[in-house]
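Morning, everyone. I'll take a few minutes on one interface. Please look at the screen.

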Number of protein chains: 2
Amino acid sequence: MARVVVDVMLKPEILDPQGQAVANALPRLGVNDVASVRIGRRVEIDFAGDADLERAREIADKLLANPVIEDYEIRVVEAA
Amino acid sequence: MARVVVDVMLKPEILDPQGQAVANALPRLGVNDVASVRIGRRVEIDFAGDADLERAREIADKLLANPVIEDYEIRVVEAA
């Protein structure tokens, strides 16, 4: 069993209203030293055998990320 | 500037229909060696000054995660 993690985040130039909503709520918690909050998706893909980064990249391209507005990073976090 | 990342995932015993939908689509891509896909949220909190893990934990507890169905992990990824 091996796990590949794909982190999908909005591109920096794309507005993130969800993150903005969290950032706007922080002063009410007394937090004033946060410059920005961005919220994306973390996808954990567990392979039955060895981690296959190329496969995971194909999955990310076709199913997980919208290349117009999102970037993703991919990595193996747990080997068999 | 320092970045704290909070990974919020559904607890293992909670069904993840979004991840299941991706897993169900994989055989159509010719991918048959994936055991499971889980989809959660990745939150990037950029502090203006030093990373404050305790603050970030408070933000996660109050704004980012629902402790009934979600677990989170928190870490500093970038120091000043």
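Here is how the two chains meet.

First, the ground rules. This is a predicted model: local features need pLDDT of at least 70, side-chain atom pairs count only at pLDDT 80 or more, and totals for chains, interfaces and linings use all residues. Residues are numbered from 1 along each chain as its sequence is written, chains are lettered from A and ligands numbered from 1 in the order in which they are written, and side-chain values use heavy atoms, with hydrogens and water left out.

Now the contact. Chain A puts 34 residues in contact with 34 residues of chain B; contact means heavy atoms within 4.5 Å. Together they bury about 2,800 Å², with 62% of it on carbon and sulfur atoms. Buried area is the accessible area (1.4 Å probe) that two parts lose on being put together, summed over both. In chain A, the most area is lost by A:L29, A:D33 and A:R42, together 20% of what that side buries.

Next, strand 2. Strand 2 of chain A pairs antiparallel with strand 2 of chain B, residues 34-47, through 13 bridges. Strands are DSSP runs (E, at least two residues), numbered from the N terminus, and two of them pair if DSSP finds at least two bridges between them. In that pairing, A:R42 has B:G40 as its bridge partner.

Last, charges. How many salt bridges are there between chain A and chain B? Two. A salt bridge is a side-chain nitrogen of Lys or Arg within 4 Å of a carboxyl oxygen of Asp or Glu. A:D7 forms one with B:R42, and their closest N and O atoms are 3.0 Å apart.

Conventions. Helix = DSSP H or I, 4+ residues; strand = E, 2+ residues; numbered from the N terminus.
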